[in-house]
Amino acid sequence: MSLPELDPVIHAQARLRVVAALSTLPHGDRLSFPRLQEILGMTAGNLSVHLRKLEDAGYVDVTKTHHGRTPATLLCLSRRGRLAFEDYTTAVRALLDGGSQ
Amino acid sequence: MNEVDEEQPPASPAESLRLIRDQRARAERSLTPDPRLVYWPWSVAWLVGYGLFFLRYGSDGDGLVAMPDWLPFAALFGLMALALTVMSVALFRAGRHVAGESATKGSMYGMAWLMAFTGQGFLLGRVSDRLPPPEAGLLWSASSMGIVAVLYLAGAAIYQDRTMLYLGGWLGVVNIGGVLAGPGWHALAMAVAGGGGGLVFGLLAWLRLARPPALRPDPA
């Protein structure tokens with residue numbers, strides 16, 4: 001059986017968790033960095049590193065804005081990121097189904 | 001969190017799916033207002049407030065239990081004010097640091113509530129004095145519950161939320177049934193079926209959130 005290839009950007013525990021958490025946001029919504037950090041239970045430095053990789057792959061849209069005078073970073077999955085996440089879950093399910101036969 | 005291991009791929013496909021399911025459930029629990037805080041305070045307000053109304057006035061105005069006139073009013077409106085506060089805190093906590101369409105929807109939907117109850121207050125304040133007290137009481141309580149029912153149904157349409165749909169429909173039917181039965185009976189219906197219904201629907205919504213179904217395909 002040929003194994004479906006898993007997207008290496010998402011197929012890492014930390015980034016899979018980031019993408020899974022962002023995938024629950026309704027379309028058109030963005031989550032702030034600290035709130036995402038709180039949901040994931042990651043350190044800020046760690047989350048920044050993984051977000052950078054996801055942004056470089058074009059999977060996460062990063063918006064820099066201001067709440068009053070405080071700078072804020074807002075995050076959401078890009079269209080491409082949503083698609084990549086769907087492809088990943090489909091591939092993982094296919095692997096599971098293949099393995100159970 | 002073990003930060004060294006986080007660059008590692010999940011150990012197996014099953015582990016990947018488990019990770020996705022757990023993380024999505026955790027995010028949804030954080031981003032969804034706790035149904036217990038949204039529905040239960042209102043349910044308790046109706047249960048106790050309308051319950052006292054029924055005990056004070058009964059079905060024929062005589063009443064079953066002696067108590068001051070102001071007590072049922074004070075209990076109902078005091079508990080509803082408390083419920084509004086608790087619900088607002090729950091909505092604020094779930095929505096904090098989230099920007100975009102949900103925030104816009106939420107503030108527009110909030111305006112609908114404000115407008116409905118302000119309009120009701122001005123209209124009924126003008127006419128209810130001319131009605132006999134039992135009918136005046138029925139007018140206030142039935143129109144309030146009607147507004148709640150209709151706005152829950154509208155909320156169901158906005159948020160595609162089943163709990164709001166069923167609870168709105170249920171309150172609407174119970175409200176109309178209570179109006180047909182008359183003053184007094186309406187209070188009993190709102191206490192038992194309205195308050196009780198809110199407790200049940202809130203519990204079901206909470207259980208659904210606490211124990212999410214298996215991973216769904218994500219809508220694009």
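## Exercises on chains A and B

In chain A, 60% of the contacts with a separation of 6 or more join residues 24 or more positions apart. The model behind these exercises is predicted.

**Exercise 1.** Describe the make-up of chain A, from its elements to its extent.

*Solution.* Start with the inventory: chain A holds 4 helices and 3 strands. Next, read them from the N terminus, which gives the order α-β-α-α-β-β-α. Then turn to the overall extent: the C-alpha trace spans about 60 × 25 × 20 Å along its principal axes. Finally, look at burial: 37% of the 101 residues of chain A count as buried.

**Exercise 2.** Find the strands that pair with β1(A), and say in which sense.

*Solution.* Begin within chain A. Strand β3 (residues 70-77) pairs with β1(A) in the antiparallel sense over 2 bridges, and here Leu31(A) stands opposite Leu75(A). Now cross to chain B: its strand β1 (residues 98-100) pairs with β1(A) (residues 29-32), again antiparallel, over 3 bridges. In that pairing, Asp29(A) has Gly100(B) as its bridge partner.

**Exercise 3.** Work out how α6(B) and α7(B) are oriented to each other, and which classes of residue make their contact.

*Solution.* First take the geometry: α6(B) (residues 162-181) and α7(B) (residues 185-210) pack at an angle of about 170°, with axes 9 Å apart. Angles over 145 degrees count as roughly antiparallel, so the two helices are roughly antiparallel to each other. Next come the residues: α6(B) contributes, among others, Trp170(B) and Gly177(B), while those from α7(B) include Met190(B) and Phe201(B). Last, sort by class: the contact has 13 nonpolar, 7 polar and no charged residues.

Note on methods: Residues are numbered from 1 along each chain as its sequence is written. Chains are lettered from A and ligands numbered from 1 in the order in which they are written. This is a predicted model: local features need pLDDT of at least 70, side-chain atom pairs count only at pLDDT 80 or more; totals for chains, interfaces and linings use all residues. A residue is buried if 20 or more other C-beta atoms lie within 10 Å of its own, exposed if 12 or fewer, and partly exposed in between; C-beta atoms are placed from the backbone. Two residues are in contact if their C-beta atoms, placed from the backbone, lie within 7 Å. Two strands pair if DSSP finds at least two bridges between them. Axes are lines fitted to C-alpha atoms, for helices over the stretch in contact, and angles run from 0 to 180 degrees between N-to-C directions. Angles under 35 degrees count as roughly parallel, over 145 as roughly antiparallel, 65 to 115 as roughly perpendicular and the rest as oblique. Ala, Val, Leu, Ile, Met, Phe, Trp, Tyr, Cys and Pro count as nonpolar, Asp, Glu, Lys and Arg as charged, and the others, Gly among them, as polar.
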